[in-house]
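The sequence and structure are shown first.

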Amino acid sequence: MGDSQELVSIFEKDFDIERIITELSIRSGESIIKNETFIIFDEIQACERAFLSLKYFFEKAPE
């Protein structure tokens, strides 16, 4: 999906899950559909803010 620095920048702004999902969708060129799309964050430990975002995904978008 894009280079890793480009993806890291998605998580640097804030932890607004809707914005993160929208940006991931745009950068991947794929639609992310609630309750249908499975997102895998491979090597997430390489980006501390992406790792921290998992808490917000769990709280605000557990589906």
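## Burial and contacts

In this predicted model, buried residues make up 25% of the 63 residues in the protein chain. Of the contacts with a separation of 6 or more, 47% are between residues 24 or more positions apart.

## Overall fold

The secondary structure of the protein chain consists of 3 helices and 0 strands. Along the sequence, the pattern reads α-α-α. The radius of gyration is 11 Å, close to the 11 Å given by the globule rule for 63 residues, so the protein chain is as compact as a globular protein of that length. Along its principal axes, the C-alpha trace spans about 25 × 25 × 20 Å.

## Helix H3

Helix H3 covers residues 48-60, which is 13 residues. At 1.5 Å a residue, helix H3 should span 18 Å, and this agrees with the 19 Å between its end C-alpha atoms.

Three residues of H3 are listed as buried: Ala50, Ser53 and Phe57. The cover over these buried residues includes helix H1 (4-12) and helix H2 (17-28).

## The largest pocket

The largest pocket holds about 390 Å³ of space. Its lining is made up of 15 residues, and those nearest the centre are Thr37, Ile39, Phe57, Ala61 and Glu63.

By class, the lining of the largest pocket has 9 nonpolar residues, 4 charged residues and 2 polar residues.

Technical notes: Residues numbered from 1 in each chain as written. Predicted model: local features only at pLDDT ≥ 70, side-chain atom pairs only at ≥ 80, totals over all residues. Heavy atoms only, no water. 1 Å grid on protein atoms, 1.4 Å probe; cavity = no way out; pocket = protein on both sides within 12 Å on 5 of 7 lines; lining within 4 Å. Points joined across faces, edges and corners; volume = space filled by probe spheres on them. Nonpolar A, V, L, I, M, F, W, Y, C, P; charged D, E, K, R; others polar. Helix = DSSP H or I, 4+ residues; strand = E, 2+ residues; numbered from the N terminus. Expected span 1.5 Å × (residues − 1). Buried < 20%, exposed > 50% of the residue type's maximum accessible area, 1.4 Å probe, protein only. Contact = heavy atoms within 4.5 Å. Rg over C-alpha atoms; globule rule 2.2 N^0.38 Å.
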